[in-house]
Each structure stands twice: as structure tokens, then as C-alpha cells.
Amino acid sequence: MTKQLMRGSHAIAEAATRAGCRFFAGYPITPQNELPEYMSKRFAELEDATFIQAESELAAINMVMGASMAGLRAMTSSSSPGISLKQEGISYMAGMELPAVVVNIMRGGPGLGNIAPTQQDYFQATRGGGHGGYRTIVLAPYSGQELVTLTMKAFDLADAYRMSVILLGDGLIGQMMEPVTFPDPIDPATLPEKDWVLDGARGRNSRFIASLRLDPVQMEQFNWKLARKYAAICERETEHESYLLDDAIVAVVAFGTAARIAKGAVNQVRKVGLKAGLFRPITLWPFPGKELRALTHTIKNLLVFEMNFGQMVEDVKISVGEQATVHFHGRPGGIISTPHDIAAAITKLIYRNEL
Amino acid sequence: MGITKTIFSGFGGQGVLMMGYVLATSGMHEDKHVTFLPSYGAEVRGGTANCTVTVSDEPIASPVASFSDFAVLMNTPSLIRFETRIKTEGIVFLNGDLVELRPKRRDIQVVAIPANSIAERLGNVRGANMVMIGALVQKTGLVSLKSVIKSVKSVFETKGSKVQKMNTLAIKEGAAFVNGVSGS
């Protein structure tokens, strides 16, 4: 298929449609309004798809819950403050093991904050976000094309593990246009059948889906079931990119937009002979900690760069323990560092420590 | 030509985002790496618009331009805002009909194009932005004029052949104007 120049939020919406998503509910918030806007137009072309601009974020996530229960591939999107509002619904869906894709195009916070791009919701996304100690798979795209592949993958993961998958982008990747190509659309009728959905009990025993489990024994058993599922995901589903790490003495660790900027910085310092590389987690949960730890056989200094004042850096420290020194560079609030800024941070790190 | 960043700025309605979109599409047609980043702040509602287009032979790290190689400025406030954000030896393309000031800097090149007059003469008042794109591309060689004309056909596909033709003409006139200037 030919390349198209497409805005990030439109690429997500088109990819979702091609992944067989047939239900979308959302409530407007900058900087992701172009996503539902595109969805409303696109779904109007399809006979079997439903778009709803809900009356609130709460309503939107609960509508997604219902559509998921009925077996549809369902999605909602929002930006940071709106995602906070959806957390109750995401927790309830975890309690019912319902698949859904939730897009968070992050902006500055806390509170109402601003509309500039940040990565300040890393903790919220990777620690479940709502109450009850559940997990969500978190995917962090860093280019237009990856928005397409990871959005489509998000639906597969959500269905495979019956859980919410968060696509974690930011205002920059959502607004930016880049050339993208799309795979052929998937016909929802060809997707694996779900043997748990509520679609009318004619000719079969009735089914029951609820997150209420008053009996502590039953509640404990369910929690252990989740724990086993999450352990299996950590085992199987981590994804990352290694860039110029083979001979590196410093590895920059960054995700999403920050990783893109960091890659530019690595290229810059390589030109003057400084041996830096990039480790880019693509899944933030499960975090590719084992792969990162393996790096520390040869690389003893890691420079974590985030568009916040230090969140993923905690996962990096947990992963590498005492095997490497973890340094940090971050700008919260919507400040976008340049590749030059990060190149300067790498250079200083190398010279200061005589690496 | 490495990584090249161009800022487009003007009033809402002057087709500022369209200029950026056409340039980015042209770069894509030439299999270059491109990004198009519109400003999406509250300022959009106040009436000014700007966008940054990166055209590159290598993957683009950041779509943001702290300093740009080229700037296409359609009104006076844009010049005031972006004059200090152009690289040394960069080129500023001014809509000479509307920008009342001229840059104070001596380390940048200035090309003033009477874009509104040219567009009016062509009977295509709204085509001033296309005149500017023609001038930009002709002067800088960012992409070929041919690619831009091809992009105009695809970008304005739904607007009909008349609009495509008018805009193609405006692009060619912008390019011709720059040729005339450099020849004099």
C-alpha cells in the first residue's frame, strides 16, 4: 500500500478501524480531539460500527465496557486528565477481565495542567492506574508507523489476555504528521471467537460477568489468577529496540517521543566518536528489565531521559540493581528537549566520569 | 542536504498549514523523511497559525525546530516572532505585500515576494500561499518544483481541476519571480 502523510491521532484511528475495532466512545479533550473526529467520519462509512461522543469520560469508558462485554473490539481515547476520570472503569474491566484499548495522548499535569506534550503519566499507566492492584499492558509508540503497528497489536493483546491495553503517546506524536502505510483491514468476523461474551443465551447456558466477589476466598482466587496471567505476560510480551549498543559505553534509556529525540542525540555524539547507544522500551509494562540487565555486562552507565522529572528511571533502577550507574535527565511540564540537549548530557556524562 | 527545517507562519486563513502540508507531501513523494508539526496551542484560536516541516535524507529525531533553516512569513507578527529563530545564513521568505517590517539581522538572506499582488493578477486571491511555496522551493531546492506540482494535484484532488490548475500556476509564478530576482 502507498505511503500517506497522516496526523498521529488519525493514524491511530485508522489502524484501530483496520484492526476490527467496531465501537468507539470518547469525550473531547486537547490534544487528541482529531482522533475521535476521524473515528466519527470513518465509522459512518461502516455499517457495523458505532461511534458515540459520550456525555463524559465516565460514560465513555462504561460504554466501552458494555461493548467489550458484548464481544466487540472497543476503544476509547483521551488525554491525561480524561484518563484519570476513566480509571474507575478500567479497574472494573480488570475485575471482569474485559479487553479494551485505551489511548492516552499525554499532556502536562498534574491537575488540568496544559496541552503540551509530556510523559508524566508513566506511573499511572504502568501501575494499573485505578484501585485494586491490577495491571494494564502499556505500549509506547515513537513514530507514525509505530502508531499503526502498535495500535493493531494492542487489540490482539487485549483479546488474547482479556485486559486493557494502554497506547501511551503524547501531544507531539498525536499532532505530528508523518508518512505511514497500513496493512489490509481485518474483517471482525474472521477474528477468533470469544467464548465468554454476553450475546444472548439462546441454545446455551447463561453466562455471568461481574467484578463483585463478596467472598474473600473467591476474590483471592481471582487475584491469583490475575497474578499468573500477569507473570505470563512478563515472560512473553516484552518488546524493546536496541540501537548502536554493541560497542557503547553509555546507553540512553528512553521511550516514545523522548526516545526519538535521544536517537538523534546518539547519532550526533557518534559523529564525534563518543560511543553511545539507545535502549528503547516499546512495552512499558511489561518492562523489558531482563534485556536491560543483560546490557550491563558491558555497559556500566545508563542515562535515562524522560519528559517528566523521573518515573521510568525507577523501573530502570529495579532492573539493573547495582550492575550499572543510573543517571537521569528530564524536563517535565511540556518542555521538549532537543537532540542537542541530550547530546550535551551524554557528552558531559562521558567526560565527567572519564568513560 | 541533511536535515532541513522550515517554519511557516501567518494569520489563520492565509493557508499557512496548507503550505506546510504541500511541502511535506512533496518530500514524501521524493521518498525523503518528512515530519509536519502544526502549532496546536491556544494561539490557534487567537488567529495566528504556524507549522514546522522537516525534510531530511536521514530519519528525523525531533520534528521541533529551535532554529530553522528557512522561514516563510506571511504577516508582520510572524516576522517579529520568528526573526530570532532562524539559523545564521538561513533564508526568510516574506510576503512583501503584507509584512511591513524587514529583518534587522544581517546574517540571514531575505527574499520579499509580492505574493498577494501576484495571486491577484492571476485571479486567484487565495493563492498567495502557493506563490510563496513556489518561491521557497525554487530558491532552496528543498524538493523539486515537479514534486510540488504533483502534490498539489493530490492535495487538492477533491477541489476539482480548476483549483489544481490555478494553484499550479501560482506555484510557477512564485518560482519565476525568484528567478527574476536572482537574475537581477
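## Contact between chains A and B

In this predicted model, 15 residues of chain B are in contact with 16 residues of chain A. Two elements of chain B, helix H1 (16-29) and strand S2 (33-38), each contribute at least two residues to the side of chain B that touches chain A. The strand S2(B) gives the most to that side, with five residues.

Sorted by class, the side of chain B that touches chain A consists of ten nonpolar and five polar residues. Charged residues are absent from this side of chain B.

## Fold and dimensions of chain B

Chain B contains seven helices and six strands. Read from the N terminus, the order of its elements is β-α-β-α-β-β-α-β-β-α-α-α-α.

Along the principal axes, the C-alpha trace of chain B spans about 40 × 40 × 35 Å.

## Burial and contact range in chain B

Of the 184 residues of chain B, 51% count as buried. Among the contacts in chain B with a separation of 6 or more, 58% are between residues 24 or more positions apart.

## Domains of chain A

Chain A is assigned two domains. Domain 1 is made up of two segments, 4-201 and 223-236, while domain 2 covers 240-352. Taken over C-alpha atoms, the centres of domain 1 of chain A and domain 2 of chain A are separated by 27 Å.

## Contact between the domains of chain A

Where the two domains of chain A meet, 27 residues of domain 1 are in contact with 22 residues of domain 2. On the side of domain 1 of chain A that touches domain 2 of chain A, the elements giving two or more residues are helix H5 (122-126), strand S6 (137-139), strand S7 (164-170), helix H7 (171-175) and helix H8 (216-236) of chain A. The largest share of this side, four residues, comes from H5(A).

By class, the side of domain 1 of chain A that touches domain 2 of chain A holds 16 nonpolar, nine polar and two charged residues. The side of chain B that touches chain A, by contrast, has no charged residues.

Methods: Residues are numbered from 1 along each chain as its sequence is written. Chains are lettered from A and ligands numbered from 1 in the order in which they are written. This is a predicted model: local features need pLDDT of at least 70, side-chain atom pairs count only at pLDDT 80 or more; totals for chains, interfaces and linings use all residues. Two residues are in contact if their C-beta atoms, placed from the backbone, lie within 7 Å. Ala, Val, Leu, Ile, Met, Phe, Trp, Tyr, Cys and Pro count as nonpolar, Asp, Glu, Lys and Arg as charged, and the others, Gly among them, as polar. A residue is buried if 20 or more other C-beta atoms lie within 10 Å of its own, exposed if 12 or fewer, and partly exposed in between; C-beta atoms are placed from the backbone. Domain bounds come from an automatic or database domain assignment.
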